[in-house]
Amino acid sequence: MKIAIFLFFLFLMSCMKNDKTSFIAPELRGILALDYAELGIDQMNLWHELSGSHLWVKDISRFNTAVQQDSFYLVSFKDKSELFDLVSASDSLVLRDISLGDDGVAILKNPKEQEILALAAASHTQKSQSLPCGATVKLMPLRATRTIEYVPPIYDESIYLDEVQKLLNQTSKDKLIEHISFFEAMGTRFHAAANQEEVSARVLERIRSLTLNIPSEVKSISEVEHVGSYQKSIVVTLLGSQKPDEKVIFGAHLDSINSHISSHDGPAPGADDDASGLATLLEMLRIINDLGGQFERTLEFHAYAAEEIGLIGSGELAAQYQNEGVKVAGMMQFDMTAYSSEPGKNTIFLVDNNTSPFLRRATKDLLHRYLGGDFVEKKLPSGKSDYFSWDYQGYPAVFPFEDPEAYNPLLHSAMDTSLENNNLVLAERFVGLGLAFAGHFAGIISGKNDYENTFAEEDLNGDIKIFLKKSGNTSNYELFVATDKDTEHAEYCLAEDDKNTCSPTSERKIMVNIDQTASRRFFAGELSSAVLSLDTNQRILLFAYDNEDKLLRRRYFSLQRP
């Protein structure tokens with residue numbers, strides 16, 4: 001896991017070893033703001049917070065120039081003494097101490113390879129108290145704004161589809177064991193190991209063998225070279241038939257690491273971290289191949305290089321996609337899927353920091369519809385994985401994970417083997433979730449008629465009443481909803497024209513619970529007159545959920561003037 005975070009800041013306030021004078025690198029001087037007020041109201045969408053340190057990028061153009069000319073690595077730490085034991089106190093090192101209890105931050109300019117490896121190894125050692133897991137990340141160019149695009153699914157995620165269930169019915173724990181063992185048997189997949197070309201060749205061969213039935217005009221398999229690592233990422237593309245320029249991405253990381261040894265070629269089996277995530281991708285590909293699945297949007301499966309030393313592969317790919325204007329409907333990352341601290345517990349945890357609220361909502365609906373629910377939203381206390389690279393570049397991303405506070409304690413060691421992967425039922429649920437996400441967001445073509453018929457027949461209208469009125473002296477509208485007492489919370493959006501999904505310009509919003517009686521609950525929200533027109537028979541979609549986040553009611557209201 002990495003603390004990936006492609007933002008960039010620099011300011012100095014303290015610290016060199018032995019009380020040396022503090023300084024700031026000239027290349028980054030004046031680029032970062034310490035005070036939010038310094039940014040000004042017109043720059044609110046440009047802020048990029050770094051690890052709770054409240055540092056904001058002030059000049060994105062200058063920052064991008066700097067990180068393209070030189071290599072800068074962000075390091076997070078709790079005690080700078082261990083940091084100085086690992087890197088030289090040169091003019092490349094810039095530090096800022098944060099308030100007691102929070103992380104400090106540092107930037108290394110053009111660090112030596114052995115320094116990067118030492119930092120990565122230390123931050124992956126659970127004995128380290130001063131360098132949190134995933135403390136090092138390479139900084140990438142920033143996009144101009146921080147707005148996350150909303151792209152609705154092809155099929156509303158609250159609708160159950162038999163064609164999607166057929167995909168889920170084919171998941172196999174035995175196949176997952178085969179896939180995990182395949183990666184584990186390589187000994188190490190460390191990004192700088194001598195066997196990296198052999199690793200890539202074997203993975204490419206296995207992908208080809210699992211996708212023989214997918215037509216060549218639909219399928220492509222490629223390797224992607226990187227600036228920050230000699231290891232290459234692997235991208236498998238299944239071209240969409242109706243919306244080929246819109247992509248749905250599934251990711252896992254190819255590399256492994258053993259933080260207890262200094263050798264590049266020592267044992268780093270990485271069975272859970274992240275052979276289990278790679279196995280999820282292979283199993284999804286196997287099932288799509290066997291059932292002849294075809295999709296409206298393009299599906300991509302990414303095996304990222306060098307995640308363990310700073311999200312190199314995903315960081316460079318996400319920046320490239322953003323630079324090229326690639327449209328991504330959603331990205332789902334699989335990183336550690338086969339372990340639970342309680343072996344019989346099959347809960348999937350949805351990381352809720354640096355992920356898309358919309359995709360988390362969709363994922364929860366899919367879990368209820370196809371996998372019996374059993375999920376918890378929880379923050380990842382430290383570290384990041386490749387999903388963050390996409391979120392940071394303004395793409396919607398979601399990260400289903402093992403328990404963020406009780407994940408596999410054997411990761412980044414020679415003990416991370418398939419013998420210690422104690423929950424294949426949980427691993428199989430991750431595969432099912434990925435297939436359901438693909439079926440709805442990429443739109444499995446065989447489910448089209450099923451979707452239209454199911455939507456027309458399914459009755460979730462129930463007891464929901466709506467009241468709309470002008471909002472005070474403004475031109476906006478206040479939306480009030482009354483529903484039954486079983487409703488825990490409600491959400492709403494404007495519908496896309498002639499479709500039963502939210503409009504691309506109207507992501508779902510959560511309503512405020514304003515009152516309740518013994519039998520009723522009342523919620524409120526607001527709609528802007530800039531997007532709401534009473535002269536066009538516009539529709540509002542309302543969703544009511546119970547205390548387990550399960551959909552109870554769904555209603556559609558057409559608006560028109562009396």
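How many of the 562 residues of the chain count as buried? The share is 60%, where buried means under 20% relative accessible area, exposed over 50% and partly exposed in between, with a 1.4 Å probe and protein chains only.

1. Basis of the note. The model is predicted, so local features need pLDDT of at least 70 and side-chain atom pairs count only at pLDDT 80 or more, whereas totals for chains, interfaces and linings use all residues. Residues are numbered from 1 along each chain as its sequence is written, and side-chain values use heavy atoms, with hydrogens and water left out.

2. Overall content. The chain has twelve helices and 23 strands; these are DSSP runs numbered from the N terminus, helices being H or I of at least four residues and strands E of at least two. Among contacts (heavy atoms within 4.5 Å) with a separation of 6 or more, 78% involve residues 24 or more positions apart.

3. Nonpolar cores. A nonpolar core is a set of buried Ala, Val, Leu, Ile, Met, Phe, Trp, Tyr and Cys residues joined through side-chain atoms within 4.5 Å. The largest has 76 residues, and V203, F250, L299, F301 and F437 have the most contacts inside it. Helix α11 (residues 424-443) supplies the largest share of this core, eleven residues. A second, separate core of 34 residues includes F63, L142, V351 and Y387.

4. Surroundings of F250. With neighbours within four places in sequence set aside, the contacts of F250 include L281, M284, L299, F301, M332, F334, F437 and A438. F250 also belongs to one aromatic cluster together with F301, F334, F358, F430, F437 and F441.

5. Aromatic pairs. Rings of Phe, Tyr and Trp (its six-membered ring) pair if their centres lie within 6.5 Å; planes under 30 degrees apart count as stacked, over 60 as edge-to-face and the rest as tilted. The count comes to 15 aromatic pairs by this rule. F182 and F183 are edge-to-face, at 4.9 Å centre to centre and 70° between the planes, and both are buried. Y387 and F399 are stacked, with 4.7 Å between centres and 15° between planes. Y387 lies in helix α10 (residues 387-392) and F399 in the loop between β14 (397-398) and β15 (400-401), so this pair ties together parts twelve residues apart in sequence. Y387 and F399 are both buried.

6. Charges over rings. The criterion is NZ of Lys or CZ of Arg within 6 Å of the ring centre and within 35 degrees of the ring normal. K384 lies over the face of F388, 5.7 Å from the ring centre. The charged end of R508 sits over the ring of F543, at 3.6 Å from its centre.

7. All six residues of β18 (residues 489-494) are buried, so the strand is largely enclosed by the rest of the structure. H489, E491 and C493 point one way, and A490, Y492 and L494 the other. Strands pair if DSSP finds at least two bridges between them. β18 pairs antiparallel with β22 over six bridges, with H489 opposite Y545. Two bridges join β18 to β19 (residues 509-510), also in the antiparallel sense, and E491 stands opposite I510.

8. The β22 and β23 hairpin. Strands β22 (residues 539-545) and β23 (residues 551-558) run antiparallel and are joined by seven bridges. I540 stands opposite F557. Five residues lie between the strands of the hairpin, in which D549 takes a positive phi near 65°.
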